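Hi,

Here is the structure I promised to pass on. Have a look at it first, then read my notes below.

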Amino acid sequence: MPRMKDMAILEKDDGTETDIIVNTVDRIQVLGTNGSRTKVKLIAAQGAPEGWVSSDAVDVTDAPPSGPIPKVVFARVCWRQALYFGVNAHYLAAVAELRSKTAEGKDGEKIGPYRFTAAEWAAAIAGDEFKEIIKEGDQPTPIYQPDDIFNWRRQCAVFGSQASQALDKFGDKTPTVIELYISQLSAPPADDTARKQLSNDLKAALDITREPVRQAGMDVLDNPDDNKETLKDEKDPAKPMSSKLTDGTFREIAPRLMTRLMKDFDLTDVQAAGILGNIGHECAGFKLMQEVKPLGGGRGGLGMCQWTGPRRRQFEQFLSDHKFTADSEEGNYQFLAQELRTTEKAAIPAVKTTGDLDSAMKAFEAKFERAGVKHFKGRLAFAEAALDAFKKKKQGGG
């Protein structure tokens with residue numbers, strides 16, 4: 001199928017630029033060519049926008065991509081998915097290295113960096129986390145398609161989701177790297193010898209990917225020096241994996257924002273925590289205030305609520321008018337409060353009808369966030385952490 005070889009800005013018929021960026025992850029249909037320009041349709045994007053891009057940026061062959069993926073580039077995407085799904089970026093990078101040496105292409109029936117088969121891919125993308133509801137009342141529709149198996153960035157997203165689901169099964173226990181990996185295998189090692197060999201191979205993959213993951217983390221995280229727990233490397237597959245995104249910075253900021261929401265909008269602590277669950281998930285516990293290489297194209301989300309599209313432009317104008325920066329806690333809260341009183345005023349009454357954490361979280365997501373991929377487990381984990389941090393700070397008199 002046709003695909004984008006390089007990122008490009010979608011242009012109108014007269015050559016003027018739109019604000020839509022076509023990424024290499026976007027599924028396209030070629031509508032025609034005119035000299036050095038090719039007209040494409042973004043068939044998986046909302047509204048299926050059409051426009052022109054440079055013909056040099058389009059590959060119209062049916063040959064699937066193959067060859068090595070630059071490890072730092074791959075690690076950046078691992079970080080993005082790790083922050084989104086609450087897993088470990090080094091783990092995501094190491095498994096791709098173990099399975100394919102971080103490369104596109106095919107090995108028999110196995111495809112891409114994670115070496116999914118077509119059947120495994122079809123089962124993975126059929127889950128609710130890879131479906132979206134375009135309009136309220138509609139049936140969920142798939143986000144990913146069968147031929148997206150050749151898109152390595154989307155493979156990383158799917159494997160990140162699978163790792164998150166596997167991690168959930170351990171409950172309160174923090175698994176070792178090898179324990180988590182074995183739990184994801186359809187055929188675990190047959191004996192101790194095979195397990196030891198797999199552990200050695202995984203350790204080698206961790207060693208190879210350590211430096212690329214470190215470099216990518218410095219690129220992706222807003223304040224890596226303040227988030228050293230997130231940059232912690234895995235060195236030994238037999239040792240527990242590292243920290244949760246719901247700790248550290250999130251537990252420091254969440255109680256302050258909850259207190260303000262409760263006062264300004266007459267909310268209970270549970271209702272305010274439901275809102276913080278959504279906010280924490282969107283910005284990875286205040287560690288990612290600018291979305292990195294968004295899968296849907298464009299400039300992505302900005303701020304603690306990851307405002308996108310027209311709402312991002314309104315947020316940027318608000319910041320400029322009031323002389324705030326995008327990572328300013330005060331600027332983010334003031335804009336959130338403004339939306340909750342005006343353009344998004346339906347959110348607060350919806351949250352006020354709820355009496356438990358899960359319902360409050362889902363009500364705010366439905367009325368305010370309206371996310372394509374819901375990932376309610378992650379939102380609820382942040383909501384629980386917010387409520388716990390708020391209660392502990394209140395008990396301590398902070």
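Predicted model: local features only at pLDDT ≥ 70, side-chain atom pairs only at ≥ 80, totals over all residues.

Residues are numbered from 1 along each chain as its sequence is written, and side-chain values use heavy atoms, with hydrogens and water left out.

Let's begin with two helices (DSSP runs of H or I, at least four residues, numbered from the N terminus). The axes of α7 (residues 249–265) and α8 come within 9 Å and cross at roughly 130 degrees; axes here are lines fitted to C-alpha atoms over the stretch in contact, with angles from 0 to 180 degrees between N-to-C directions. That angle makes α7 oblique to α8 (under 35 degrees would be roughly parallel, over 145 roughly antiparallel, 65 to 115 roughly perpendicular, and the rest is oblique). Who touches whom, counting heavy atoms within 4.5 Å as contact? On the α7 side there are F250, A254, L257, M258, L261 and M262, and they meet D269, A272, A273, I275, L276 and G280 in α8.

Now the salt bridges (a side-chain nitrogen of Lys or Arg within 4 Å of a carboxyl oxygen of Asp or Glu). The whole structure has 20 of them.

- K41 pairs with E50, with the closest N and O atoms 3.8 Å apart.
- K362 pairs with D358 at 3.2 Å, and both sit in helix α12 (residues 357–369), four residues apart, about one turn of the helix.
- E344 pairs with R311 at 3.7 Å, N to O. This one links distant parts of the chain, 33 residues apart: E344 is in the loop between α10 (329–341) and α11 (347–352), and R311 is in helix α9.

E344 is buried at 8% relative accessibility, and so is R311 at 17% (buried means under 20% relative accessible area, exposed over 50%, partly exposed in between, with a 1.4 Å probe and protein chains only). R311 and E344 also belong to a salt-bridge network with E339 and R370.

Last, the backbone. T102 is not a glycine, yet has a positive phi of about 55 degrees, and T102 is buried at 1%. Q306, also not a glycine, has a positive phi near 50 degrees; Q306 lies in the loop between α8 (269–282) and α9 (309–322) and is buried at 10%.

Cheers

Key. Contact = heavy atoms within 4.5 Å.
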